[in-house]
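Here's a quick briefing to read alongside the model. Have the viewer open and follow along as you go.

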Amino acid sequence: MKIDIVSVFPEYFEVMNLSLMGKAQAKGLLEIKAHNLRDWTHDVHHSVDDTPVGGGAGMVMKPEVWSECLDELLGFSRPSESSALSGTPVLIFPNPSAPLFTQRDATELSHADHLLFGCGRYEGYDARIPDYYRSQGVDVREYSIGDYVLNGGEVAVSVMLEAITRLMPGFMGNPDSIVEESYTGEGALLEHRQYTKPAVWRGISVPEVLLSGNHGKVDRFRRDEALTRTNEIRPDLIEALDCKALDKADRKTLMALGWEVSATHPRKLD
Ligand code: ADE
């Protein structure tokens, strides 16, 4: 997968050379290039922002600089390629006012050949930038990584990139570790808790069933723990479950937690 990132702080992405992301680059699975947006400016100050039209605090990133940069990276500045959009990267802008980025988005994007991320700073970027590239047939996405505001898109891009690339075939040493994770698959639940040895540490024992060697019982214990933790922490995920996909034991556990499981989706009883 080819990944281009545009930022006024491209050095930020040097961390991509570490850990599994670095290994994936060394293996040729990933090719990450961070570009400095200021390389596409023409004024002595290399300015990338201006005051907001209509007034207000802060500065907004200018469309002209972004378009020169994105035209080049999308191949729009080469006439022979401008009409052929096949192979054009998915263009992604982190934005605190956009839909939430989820595991589903990460899974979908892990199959892309080429991603191009544009990191906003200050009060954000001129809204015409994504609109324009959409109008040109580019697959443009805007995502928030959570209900809080960061200083810029760099951290958000790092988060999205890690979530996306670890799902690529060959990225993880053990692909099974992805299958069992929270937020994976249709019936998304928070994952059960994990323990390692020793069995007793500072007087605290691991749950006995995990030492039993009975795989059926271990699976059931973990599933019940996942249902219980999700009920406590993210009841919205329980509400989204498909009742038809629940087995008898799941239903029993959910009923004991105060859910009705006879309709299409579970419903919390008052
Ligand atoms: N830029 C600033 N805050 C952000 C957020 N929460 N998600 C994505 N991009 C952002």
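What follows is a short tour by topic, from the overall layout down to single contacts.

Keep in mind that this is a predicted model. The protein splits into domain 1 (2-175) and domain 2 (200-268), and the C-alpha centres of the two sit 38 Å apart.

**The five-stranded sheet**
- Five strands make up an open sheet, paired in parallel and ordered E2-E1-E6-E5-E7.
- Strand E2 (31-36) and strand E7 (140-143) are the edge strands; each has a single partner strand, so one side of each has no neighbour in the sheet.
- On average, neighbouring strands here are turned by 20° against each other, ignoring direction.
- E1 and E2 run parallel and are joined by six bridges; Asp4, for one, has Lys33 in E2 as its bridge partner.
- E1 is mostly covered, with five of its six residues buried.
- On the E7 side, strand E5 (residues 90-94) pairs with E7 in the parallel sense over four bridges, and Pro94 has Tyr143 in E7 as its bridge partner.

**A helix across the sheet**
- Helix H2 (residues 63-74) lies across strand E1 (2-7), E2, E5 and strand E6 (114-118).
- Relative to E6, H2 runs at about 170°.

- Where does Asn95 sit? Its place is the loop between E5 and helix H4 (103-109).
- Asn95 counts as buried because its relative accessibility is 18%, and the cut-off for buried is under 20%.
- The side chains of Asn95 and Tyr125 are joined by a polar contact of 3.0 Å.
- Setting aside neighbours within four places in sequence, Asn95 touches Tyr125, Glu142, Tyr143 and Ser144.

**Helix H8**
- At the start of H8, a side-chain oxygen of Asn214 comes to within 3.2 Å of the backbone nitrogen of Gly216.
- Which residues of H8 are buried? They are Val218, Glu225, Ala226, Leu227, Thr230 and Asn231.
- As a rule, an α-helix has 3.6 residues a turn, so residues three or four places apart point the same way.
- The buried residues of H8 pack against helix H9 (235-239), helix H10 (248-256), strand E10 (259-260) and strand E11 (267-268).

Methods: Residues are numbered from 1 along each chain as its sequence is written. This is a predicted model: local features need pLDDT of at least 70, side-chain atom pairs count only at pLDDT 80 or more; totals for chains, interfaces and linings use all residues. Side-chain values use heavy atoms; hydrogens and water are left out. Domain bounds come from an automatic or database domain assignment. Two strands pair if DSSP finds at least two bridges between them. Helices (H or I, at least four residues) and strands (E, at least two) are DSSP runs, numbered from the N terminus. Axes are lines fitted to C-alpha atoms, for helices over the stretch in contact, and angles run from 0 to 180 degrees between N-to-C directions. Contact means heavy atoms within 4.5 Å. Buried means under 20% relative accessible area, exposed over 50%, partly exposed in between (1.4 Å probe, protein chains only). A polar contact is a pair of N or O atoms within 3.5 Å; within protein, one must be able to donate a hydrogen and the other to accept it, and residues adjacent in sequence count only if both atoms are side-chain atoms.
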